[in-house]
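Dear colleague,

I am passing on the structure below, together with some notes that I hope will be of use when you look through it. Please read the notes with the model open beside them.

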Amino acid sequence: MTSAALAIARKEFEDAARSKLLWGLTLVLLLVTVPSFYGMTSTPFIDGAVDATEWLPGAFENFVAPLAIIAAYRAVVGERESGSLRVLFGHPVTRRDVVAGKVLGRVALVGVVLLVATLGLGAAVVAAYGTIPARLFATMSAYVVAYGAVWTAVTVGVSAAAPSRLRAIAGMLGLFLFFGPFQLWRNLGVPLVALVVTGSASTAGISQLDPSTWPTWYLYAQRLNPMRNFMMGREFVGSLADPSIGYLGGIRVQLFGFAVLLAWAAVPLAVGYWRFERADLT
């Protein structure tokens with residue numbers, strides 16, 4: 001990481017704070033997660049402080065991707081359209097510095113927002129049960145922030161590759177719609193994986209809510225979806241801090257899931273940088 005990239009990252013974060021983007025995103029995320037999470041602590045779904053803390057990432061399942069998109073989709077393409085990149089390249093800055101600085105600055109922004117929100121959920125656990133398992137809470141908070149970094153890297157990669165803000169936001173919304181809570185992944189993606197693995201696109205007999213109906217290939221197929229991967233890896237991550245927490249799938253499935261999340265962060269970013277390096281900015 002060069003000093004130019006670090007300077008760009010620092011400016012990104014400072015600009016976000018000055019524009020109230022940081023505080024606005026934090027307030028919205030607190031409002032959409034803390035009340036509903038606290039409400040769940042009084043239901044049979046959650047049984048005690050350990051169970052509530054282990055479930056903490058679930059409160060963010062449908063919000064991390066939109067948060068990263070809002071925070072980062074303009075990171076590169078916004079400055080490209082405004083012409084400010086040409087001014088920036090008047091200084092000793094490379095395109096690699098720009099992409100590295102942008103992703104670092106936006107990851108820091110999203111990380112701070114998620115960290116404050118997890119503290120809000122931690123306060124809800126204490127309010128409900130009078131205690132919180134500190135080691136488990138720190139582990140689950142780090143997991144949420146790391147997942148936020150994955151979506152932020154994807155978004156900056158798309159922003160670097162896209163020639164316009166419209167295409168950048170359309171690309172990211174397309175990803176969220178496909179992998180998000182709209183059943184497109186379940187109805188299109190999973191049958192496609194089934195066709196490749198088994199030779200048949202049929203998923204009859206598989207219930208998403210009943211793991212006893214899941215064949216081995218289905219465990220791996222679900223990990224290809226970053227949002228499902230995040231949720232399915234939650235219990236394993238929790239077990240690293242509290243061995244009493246059980247998890248579904250063996251260690252190979254868990255390692256496969258982590259490798260897929262790393263690929264989700266690295267591949268779009270690498271492709272975005274490759275296209276940005278070759279783009280005509282005049």
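**Pockets, spans and a helix pair**

The second largest pocket holds about 470 Å³ of space, a pocket being an open set of points on a 1 Å grid over the protein atoms alone, where a 1.4 Å probe fits and protein lies on both sides within 12 Å along at least five of seven lines. Its volume is the space filled by probe spheres set on the points, which are joined across faces, edges and corners.

This is a predicted model, in which local features need pLDDT of at least 70 and side-chain atom pairs count only at pLDDT 80 or more, while totals for chains, interfaces and linings use all residues. Residues are numbered from 1 along each chain as its sequence is written, and side-chain values use heavy atoms, with hydrogens and water left out.

The second largest pocket is lined by 23 residues (those with an atom within 4 Å of a point), and Glu12, Asp15, Glu79, Lys102 and Arg106 lie nearest its centre. Two or more lining residues come from each of α1 (3–18), α4 (64–72), α5 (77–82), α6 (84–88) and α7 (95–129), helices being DSSP runs of H or I with at least four residues, numbered from the N terminus. The most, 6 residues, are given by α1.

The largest pocket has a volume of about 620 Å³. Its lining has 23 residues, with Glu61, Gln208, Arg228, Met231 and Met232 nearest the centre, and α12 gives the largest share, 4 residues. By class, this lining has 13 nonpolar, 5 polar and 5 charged residues, whereas that of the second largest pocket has 11 nonpolar, 4 polar and 8 charged; Ala, Val, Leu, Ile, Met, Phe, Trp, Tyr, Cys and Pro count as nonpolar, Asp, Glu, Lys and Arg as charged, and the others, Gly among them, as polar.

The axes of α4 and α9 (residues 165–179) come within 11 Å and cross at roughly 175°, and the two helices are therefore roughly antiparallel (an angle over 145 degrees). Their contact (heavy atoms within 4.5 Å) is made by Ala65, Pro66 and Ile69 of α4 with Ile169, Met172 and Phe176 of α9.

An unreviewed UniProt entry places transmembrane regions at several spans, including 58–76 and 166–185. In the model, residues 58–76 are 47% helix and 0% strand, whereas residues 166–185 are 80% helix and 0% strand.

With best wishes

Technical notes:
UniProt positions are given in the numbering used here, feature names are shortened, and annotations may be inferred rather than shown by experiment. Axes are lines fitted to C-alpha atoms, for helices over the stretch in contact, and angles run from 0 to 180 degrees between N-to-C directions. Angles under 35 degrees count as roughly parallel, over 145 as roughly antiparallel, 65 to 115 as roughly perpendicular and the rest as oblique.
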